[in-house]
Amino acid sequence: MKRTASRQLQYVLTTALAWSLALLIFFPILWMMLTAFKTESQAYQLSLFFMPTLESFHEVFSRSDYVSFAANSIAISGGVTVLSLLIAIPAAYSMAFFPTNKTQKILLWMMSTKMMPSVGVLLPVYLLWKNIGLLDTVSGLIIIYTLINLPIAVWMTYTYFCEVPKEILEASRIDGASTWQEVCYLLLPMSLPGLASTALLLLILSWNEAFWSINLSSANAAPLTVFIASYSSPEGLFWAKLSAASLLAVAPIMVLGWLTQKQLVRGLTFGAVK
Amino acid sequence: MTRLTARHAGRLAAACTLALAALSAQAATTLTIAALNNPDMVELKKLSPAFEKQNPDIKLNWVVLEENVLRQRVTTDIATNSGKFDVMMIGTYEAPLWAKKGWLNPMDNLAPEYDLNDVVKTARDGLSYGGKLYALPFYVESSMTFYRKDLFAKLGLTMPEKPTYTQIADYAKVLKEKGGVYGICLRGKAGWGENMAYLTTLVNANGGRWFDESWKATIDSPEWKKSVTFYVDLLKKYGPPGASTNGFNENLTLFASGKCGMWIDATVAAGMLFNPKESQVADKVGFAQAPTGVTAKGSSWLWSWALAVPKSSKQDDAAKKFVQWATSKEYIKLVANDLGWTSVPPGTRISTYNQPEYVKAAPFAKFVLSAIQSANPNDATLKKAPYSGIQFVGIPEFQSFGTVVGQAISGALAGNMTVDAALKAGQATANRAVIQGGYQK
């Protein structure tokens, strides 16, 4: 009797903890959503009760061309996801199934490229991009994001591939399958949940990346991060407009995340050891 | 699965081709303009189709960014000679520095109808280097004192046209004790363009300067100590709580919602405080010049956002044409017709201030103009200083050490350290910066 009571208490406590943590994490987004529907002077007050208005959204739509920014964001993050997976899958395949004694070192070295702050290589990259004519182009941004995200893509696919039993692939080879068939008919379908979550993560990371998108684009290739950056102001009230712009910018990816929640969670917890 | 991958690859190729096509399809006369997000620039963007109509061969592309992001973005572009921007919005701080490096096209051979002599001289001086003008001012601001007329009348106080800091301190005390508001609101947020802009004018008014003539930092001088002690005491006793995190926008909100008795800040706030849509005290705002101390020199600042054409632009003729249009008399009339005279870009042209409609609609007009005209960036300190600039030191290193000093003083205001400790830290930082920069021999 005592035991079930304490179990119940534990259950209630963990639930409460989980909910408060979730609320804590979600709070900034909630606040942004609320502020988006306030007027500029209301935005500075902490009140939860106000007459919602679409004023800021009207202002944002009349001031900038949301559709062209969003189109660039979609093209860029879609391109990055596809290109990264195209490179990461063969790389991870060779490292997972035909490891050499250098494989671990290569993996670590790849991760080490993420350790340098981006601004440290801003000028060299900027000059390089200028000289090959990639500044302010969608392809230029796709390439830089792919380079940034590749280590994560390779690491993730590598760990998913490691969970796939080697014997199954061996069996297929005995049956006469080519490498291409082995990868396409066995390996990819078997690690699909993992690949799906990798793709989603790549999509989200490149959707939200702000440093390179602001610095390497000007007018033609500017994605939604640049759109947000144009709504903050040192002189004049801006919180409501900035929140409306941010809400518009994150809405597509939030909806996508919501719809694919199951896949995402399954992918991230895929396998027995995690 | 094979088909899926192949399709993806196809799509990627299509995306790349499309992007390349977009690049090559750029018209020969597309101007890309890097602009700051503020109300005046938003209006310029809105009215710019009028320019495109007059010049059908020129198309305008806008990149609107927040101040710090804009600064980083255009500096990267101009320093690498990339030419992604044909028109850049820069401030009084950048113009002479960049002109010195040879990054900007001089603004010569302007059209006769542009009437350059109509542009306020101090504004032009702030954007010149070696006697040549390198940018045309889009709007110009100085600083002044805002106060609540109704509270002053109720408490029997009178604000003179030219107040002194001693008077300001007295008024702040009365306002706080009897007026039911914070006596005074001032910038406290750390940054070379935030608290240091205001504090430098206060130090100037007390006869101080950043560096003496041999480039030795003078932050440990009695003038600095007097100024910063005064500032910290004033805000701690009569200011709003948490003043060390208040910048321009926070103070604007406090004053506009009737919580401050006085506020010393940018003249650009006048238009916002007088606008009944944004301000609850629109009919109660009074104004005076920025307070003075032992001297009136450098007690109000001078800043302008100006349009410049970088050397790297390939369409400099068209770009210059646009810059002239955006800073012309004609453009000011366009804004007046669209938004009314209170909202025209202030401080750029004498002719604006000769418009009876403007003087009538904007009661602060006269003050703004005289504040701007009396601000001299080349003679802003009582004792001679080796640098130009009123509320900043016109060297590239200032952005960094100015902010560090600002952080120390903001810390003193928050009570994390004493004024003496803050000034000692500031002195060391500023001195180190000019030694490393090779200014101090």
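**Entry 1: a lysine to start from**

I opened the notebook at B:Lys297, which is partly exposed, with a relative accessible area of 30%. This is a predicted model, so I am noting computed values throughout. B:Lys297 turned out to have a salt-bridge partner, B:Asp379, and the closest N and O atoms of the two are 3.1 Å apart. I then looked up where the two residues sit, and the pair links distant parts of the chain, 82 residues apart. B:Lys297 is in the loop between strand 9 (285–289) and strand 10 (303–308) of chain B. B:Asp379 is in the loop between helix 17 (365–374) and helix 18 (398–414) of chain B.

While on the subject, I noted a network: B:Glu43, B:Lys46 and B:Asp338 are joined by salt bridges that share partners.

**Entry 2: further salt bridges**

How many salt bridges are there over all chains? The count comes to 18. I picked out B:Asp115, which forms one with B:Lys329, with 2.9 Å between the closest N and O atoms. This pair also links distant parts of the chain, its members being 214 residues apart. I found B:Asp115 in the loop between helix 5 and helix 6 of chain B, and B:Lys329 in helix 14 (residues 329–339) of chain B. B:Asp115 is partly exposed at 29% relative accessible area, and B:Lys329 is partly exposed at 31%.

Next I looked at B:Arg148 and B:Asp150, whose side chains meet in a salt bridge at 3.0 Å, N to O. A reminder to myself: side chains of opposite charge can pair when their charged atoms come close.

**Entry 3: two positive phi values**

B:Asn109 has a positive value, with phi near 50 degrees. I placed B:Asn109 in the loop between helix 5 (94–100) and helix 6 (121–126) of chain B. B:Asn109 is exposed, because its relative accessible area is 73% and exposed means over 50%.

B:Trp215 has a positive phi as well, near 60 degrees. I located B:Trp215 in the loop between helix 9 (195–205) and helix 10 (222–238) of chain B. B:Trp215 is buried, with a relative accessible area of 12%.

**Entry 4: over to chain A**

The C-alpha trace of chain A spans about 75 × 70 × 30 Å along its principal axes. Of the 274 residues in chain A, 43% are buried. I also looked at contacts between residues at least 6 apart in sequence, and 75% of these join residues at least 24 apart.

For the surface, I wrote down that chain A exposes about 14,800 Å², with carbon and sulfur atoms supplying 73% of it. On charge, chain A has 15 positive and 12 negative side chains, and the centres of the two sets lie 13 Å apart.

**Entry 5: a nonpolar patch on chain A**

Which residues form the nonpolar patch on the surface? They are A:Phe26, A:Phe27, A:Ile29, A:Leu30 and A:Met254, with about 380 Å² of accessible area together. Helix 1 (residues 2–36) of chain A gives the most to the patch, with four residues. A:Met254 lies in helix 12 (residues 239–259) of chain A, and A:Met254 counts as partly exposed at 31% relative accessibility.

**Entry 6: a buried valine**

My last stop was A:Val60, in helix 2 (residues 55–63) of chain A. A:Val60 counts as buried, at 1% relative accessibility. What is A:Val60 in contact with, leaving aside its neighbours within four places in sequence? I listed A:Phe227, A:Tyr231, A:Lys241, A:Ala244, A:Ala245 and A:Leu248. I also took one distance, C-alpha to C-alpha: A:Val60 and A:Ser118 are 30 Å apart in space and 58 residues apart in sequence.

Conventions: Residues numbered from 1 in each chain as written. Chains lettered and ligands numbered in written order. Predicted model: local features only at pLDDT ≥ 70, side-chain atom pairs only at ≥ 80, totals over all residues. Heavy atoms only, no water. Buried < 20%, exposed > 50% of the residue type's maximum accessible area, 1.4 Å probe, protein only. Contact = heavy atoms within 4.5 Å. Areas by Shrake-Rupley, 256 points an atom, 1.4 Å probe, with all protein chains shown as cover. Lys, Arg positive; Asp, Glu negative; His and termini not counted. Charge placed at Lys NZ, Arg CZ, Asp CG, Glu CD. Patch = residues over 30% accessible without salt bridge, like charges linked within 9 Å, V, L, I, M, F, W, Y side chains within 5 Å. Salt bridge = Lys/Arg side-chain N within 4 Å of Asp/Glu carboxyl O.
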